[in-house]
Amino acid sequence: MPSFSHFLHTFISSKDLFIDAALLTLKLTVVSILIGILFGLFFALLKISRIKVLEYISNAYVFLVRGTPLIVQIFILYFGFSGIFLIPDFWAAALALAFHNGAYIAEIFRGTIQSIDKGQMEAARSLGMTRILAMRRIILPQAFKRALPPLGNQFIIGLKDSSLAAFISMNELFNVSTTLGSNNFDEMTYLLIVAVYYLVLVAVLTMLVSLFEKRLAVSDR
Amino acid sequence: MNDREMIKIENLHKSYGSLHVLKDINMSVYESEVVCLVGASGSGKSTLLRCLNFLEKRQGGRISIRGEEISPETHNINSVRQTVGMVFQHFNLFPHKTVLENVIEAPTMVKKIPKDQAIAEAKELLQKVGLLDKANVYPSKLSGGQKQRVAIARSLAMKPDIMLFDEPTSALDPQLVGEVLATMKELADEGMTMVVVTHEMGFAREVADWIVFMDDGRIIERNRPNDFFDHPKEQRTQEFLQATMLK
Ligand SMILES: Nc1ncnc2c1ncn2[C@@H]1O[C@H](COP(=O)(O)OP(=O)(O)OP(=O)(O)O)[C@@H](O)[C@H]1O
Ligand SMILES: [Mg+2]
């Protein structure tokens, strides 16, 4: 174990590199979660469409993502795609993570959409709204709100999962820590440092999510 | 009374799987009439009401609204629903919208009425049900009785010709029942055609033009309120009334 003063000293002297890496990690996470939300919403709607073929497609997607390790998905999308068209590394990583997160987010949305009281759809339909309009105006806003805590959780999982992008040489947090560690023959110190960065990011995100939840909860008070 | 036939049900059958819930229902409701549906739990009252609003698919029979037969294949159910309002036992207000937003939602989104006009009309309706001061409040802040009055205003905002009520006061604390019944009575006095499923026998006797008693998926007796309560024709009606009075 490194001494505390050594840790502190290394922490300070490496901060510029780590802050850049943290920003990349955040960017990767935010982009992949946002795209993942679109994927998730799309596949959740397929799942509840009551059209068998679409349900199967949605099930297959969730099955594929859940049934294979993320690192395999990242490699397949990265090497698979870069063989076909030129796609910047950042987008290859972001899309792979989005594809992965999307399946979990689809399950989150499906659950919260189905958790909305059936009476809401009936009331909307009895007022002459179509199913699609009722979904958009009545069900989804409520389902989104309920999805927020699990989405926040998925965001945190996604943040940590983004470390796997190191293996397609993204200079995000984990990659920077292992590179610096082996260059300086000091792996443990840099691993501890990167753990602190992850902890701080997760703590900040947790706070933001709960703030956001409180704002959305206005109508429940 | 007017003799324009607003609702005509002929030979209606409804099953859930192998459970035969409505058995050959025949019934007409004329303009400005108030019909109260009564009967034991599970007798099919809600199901009948839901068939009238096409929330349930029927297995057989015909339903006509204002002389026009409605079949799911040939009609735009959504436009029919605009003329038939429905009020539910559990209110089903939209919790993410304020009282005013609840009321203007369907007029603006379905009928595409300009927002300021919809707001003006909504405020009139809220005034009518005595809740104008709650316009900008979320439903979670309202009492049950207030919620139900908002739900009535929300339905009326679509200017329906017919209003269906499914046990509108059953989920309310006893002291809140009166305000909702008063709103409904006012509506009846204005000439609204209404079908009301209720356990409030006092209301039924005072406001209804007809009482329809259902048992085990069939209409057993249709009678004028005073005759229904004082001289019921059918044995089963007498038993039902006795059981209800004992409660
Ligand atoms: N969605 C459903 N699926 C299966 N069976 C149902 C469904 N809805 C109602 N039923 C059954 O249909 C029968 C009639 O139900 P309905 O709700 O119409 O009765 P009700 O007269 O309104 O009773 P209550 O006074 O308790 O509201 C009951 O046996 C009920 O269990
Ligand atoms: Mg019922």
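**View 1. B:Glu105, a buried residue of this predicted model, with a relative accessible area of 2%.** Here buried stands for under 20% relative accessible area, exposed for over 50% and partly exposed for the range in between, with a 1.4 Å probe and protein chains only. B:Glu105 forms a salt bridge with A:Arg137, the closest N and O atoms lying 2.7 Å apart, where a salt bridge is a side-chain nitrogen of Lys or Arg within 4 Å of a carboxyl oxygen of Asp or Glu. This pair crosses between chains, from helix α3 of chain B to helix α7 of chain A, and A:Arg137 is partly exposed at 24% relative accessible area. B:Glu105 also forms a salt bridge with B:Lys97, at 3.5 Å between the closest N and O atoms; B:Lys97 counts as buried at 9%.

**View 2. Helix α3 (residues 99-109) of chain B, in which ten of eleven residues are buried.** Helices are DSSP runs (H or I, at least four residues; strands are E, at least two), numbered from the N terminus. What covers the buried residues includes α7 (131-161) of chain A as well as α4 (115-128) and α5 (144-156) of chain B.

**View 3. The salt bridge between B:Arg149 and B:Glu179, with closest N and O atoms 2.8 Å apart.** The pair links distant parts of the chain, helix α5 and helix α6 (residues 174-189) of chain B, 30 residues apart. B:Arg149 is buried at 12% relative accessible area, whereas B:Glu179 is partly exposed at 25%.

**Notes.** Residues are numbered from 1 along each chain as its sequence is written, and chains are lettered from A and ligands numbered from 1 in the order in which they are written. In this predicted model local features need pLDDT of at least 70, side-chain atom pairs count only at pLDDT 80 or more, and totals for chains, interfaces and linings use all residues, while side-chain values use heavy atoms, with hydrogens and water left out.

Notes:
Contact = heavy atoms within 4.5 Å.
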